[in-house]
Amino acid sequence: MLPEPPNLAPSIPVEDPVLGSAVSVAIAERYSESGAERYGITPERFRQIVAAVVVRYTADANEAERLELVAALRVGELVLARACSAGNEHAWDVFLVRFRAFLFETAYRIARDEATGRELADGLYAELYGIPNREGRRISKLDYYTGRGSLEGWLRTVISQQHVNRCRSHAKDVSLDEQVEAGVSFAASTPIAAPVTDDRVAEAVAQTLAELGGEERFLLASYFLDQRTLANIGRQMCVHESTIGRKLEKLTKELRKRIRKRLQAAGINSRRCYELLLEIDVRDLNVNVAENLRQERPVQSF
Amino acid sequence: MKQSISNPLQQELARGQHGGPHPDSDLLTALGEGALPQRERQQLLAHLAACADCREVLSIAAAAAMDPADDLRPFVLTSPSRLPRRTWLPWASIAAGLLVVCSAVLFYQQKLALPNNTTVATKEAVQSPSSTLQQTPPSSSLEGKETTDKSKNRPTSRQLQANLRAQSVTAANAIQADKIESAKNSEFSQQSPYQSSAEVGQLATPSAHALKAAQAPSVSAFANVTTERALSAASITASARPHWRINATGQPERSFGDGAWQAVLPQEQSKMRVVSVFDGEVWIGGENSRLYRSTDNGATWNLVALPDKDGRVHSIAHIHFLTAHSGTVESDDGAAWTTLDGGSTWK
């Protein structure tokens, strides 16, 4: 199970954040635009909601970045989520009209199975409505929505997350009888041939990959390790697939160049370099790239 | 995931232990929607590069994102369980096939039953001055007349068969006449090579008449009317909607379906590379970071200023809008600008 983000429930008293006057004005200006009054949210409550989000994401940022964040927040959907979480009936009516059909459709698209999709959607729907905690207080999953992206996209991501969790938890439940019936237990395990590569090449590849930035490593991992399509990666990064294709082509060329440079620096002559790189054509580098990308590094929290 | 590793579950669990805190769903969503500032985007991508869990979630969510065309498809909320099965699809296709076949049969029958064309065909065949056509058995013309008279009422299948037979006889005679005439022509040409072409033309004329007569019944009045209506409808549609293209010299051009293309930005020296039409707005992008926008089908244009990126001049290669408000412009060197307000501001 993926760990859940910290709770941002509006019922928890939000400490008055030290916001600049410009940020406070910017927040106040977005009140009318958000339609918060339709759900009975006062300007002060709205300020608290938005301020909590601003403080959460821009704790170390300057005022310009905070203003940018306030301007980019989807306040209309944020107040809708908070109002639903608070049990506002009108808000729930609006939410159901806008998102109920979408919820079922998306769950089906993700699960590719009617029953599983229905189960996913129903499960999420219950969590959105709120599940009582130990103290008997109802906690809605909508409290976790912070308005950075669209509410529709957030719901889609949450369903995806739940689907992944569900698959993993179900993958542990293996019926031995079914396996015996399917003849799985009699199947010989296929040994995975470890790629035989020159140590110097492996080192050069590892060093070169370590130099890459986050976006470049993400592209390589998605394409070579996860074997995602260009279109899928493009959708993840909100760019066209041909842009991803160009970036990957440029990146693999650059990788090749750097690896050759390192090999030459290690005392390998040009001809041997050429031969080694032919053996490990960068499009076939997935084995080596995959090995290096799998080496987990501690990730800084943010 | 399509990883070729022995035990994906163990690998995933091992990653989870070292992956660090995961970003919340909202940030993943914002990344996919291009709504993250550069600093946060880089941090998130650095995490994603090392975290297969988040990559998988993001990938599934991206794959499940609806296409804009799908958004137009109505979703029946009352019976969501019936949507995915689509058991009606094979039956619908069979029904559609039957409908097409029935329509074709009816149309063919209607075509055969048309009285005027048949009469014209047989009359022409009878009145043609060619000697070969005079050999046409009178029965065929009589049959044709009979058909004409009877076809005023609803024709029976026997009448239709007779009609068909008459046409086939006419056509056969016409072809036979052609053969004889061509033989005669060759005889003429052999006998007198200096024979004028006018004479040959006179000889050739009846055969053309005969062919016309044979072909005449195949063109129905209904088809003509339909064609005229279709053409007029097409011309109306074509005149209402402009077509766009970038010509070989990089100039954007517009046409209203009449085959004439006119340059819409004749003063622009930079080569344009892409034209995109979305929701009634036309966008044109090209070299030197040029981005033009028109809201009136190209009558007037506004040059849109894109914010500077890397201090370089870019060549715009893609313009795409997901919604009327949210769109992205990309250059061929990977620079991208997004708008969330329908193109008023870009960042």
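Mentor: Let us begin with one residue: Arg39(B) counts as partly exposed because its relative accessibility is 40%. Buried means under 20% relative accessible area, exposed over 50%, and partly exposed in between, with a 1.4 Å probe and protein chains only. This is a predicted model, in which local features need pLDDT of at least 70 and side-chain atom pairs count only at pLDDT 80 or more, while totals for chains, interfaces and linings use all residues. Residues are numbered from 1 along each chain as its sequence is written, chains are lettered from A and ligands numbered from 1 in the order in which they are written, and side-chain values use heavy atoms, with hydrogens and water left out.

Trainee: With which residue does Arg39(B) form a salt bridge?

Mentor: A salt bridge is a side-chain nitrogen of Lys or Arg within 4 Å of a carboxyl oxygen of Asp or Glu. Here the partner of Arg39(B) is Glu65(A), with 3.4 Å between the closest N and O atoms. This pair crosses between chains, from helix α4 of chain A to helix α3 of chain B. Helices (H or I, at least four residues) and strands (E, at least two) are DSSP runs, numbered from the N terminus. Glu65(A) is partly exposed because its relative accessibility is 27%.

Trainee: Are Arg55(B) and Asp226(A) buried or exposed?

Mentor: Both residues are buried. Their side chains meet in a salt bridge at 2.5 Å, N to O. This pair also crosses between chains: Arg55(B) is in helix α4 (residues 52-64) of chain B, and Asp226(A) is in the loop between α11 and α12 (230-237) of chain A.

Trainee: How many salt bridges does the structure hold over all chains?

Mentor: Over all chains, the structure holds 25 salt bridges.

Trainee: What is the volume of the second largest pocket?

Mentor: On a 1 Å grid over the protein atoms alone, a pocket is an open set of points with protein on both sides within 12 Å along at least five of seven lines, and lining residues have an atom within 4 Å of a point. A volume is the space filled by probe spheres set on the points, which are joined across faces, edges and corners. For the second largest pocket, the volume is about 1,100 Å³. Of its 38 lining residues, those closest to the centre include Glu215(A), Lys247(A) and Arg41(B).

Trainee: Which element gives the most to this lining?

Mentor: That element is α13(A), with eight residues.

Notes. On a 1 Å grid over the protein atoms alone, a cavity is a set of points where a 1.4 Å probe fits but cannot get out, and a pocket is an open set with protein on both sides within 12 Å along at least five of seven lines; lining residues have an atom within 4 Å of a point.
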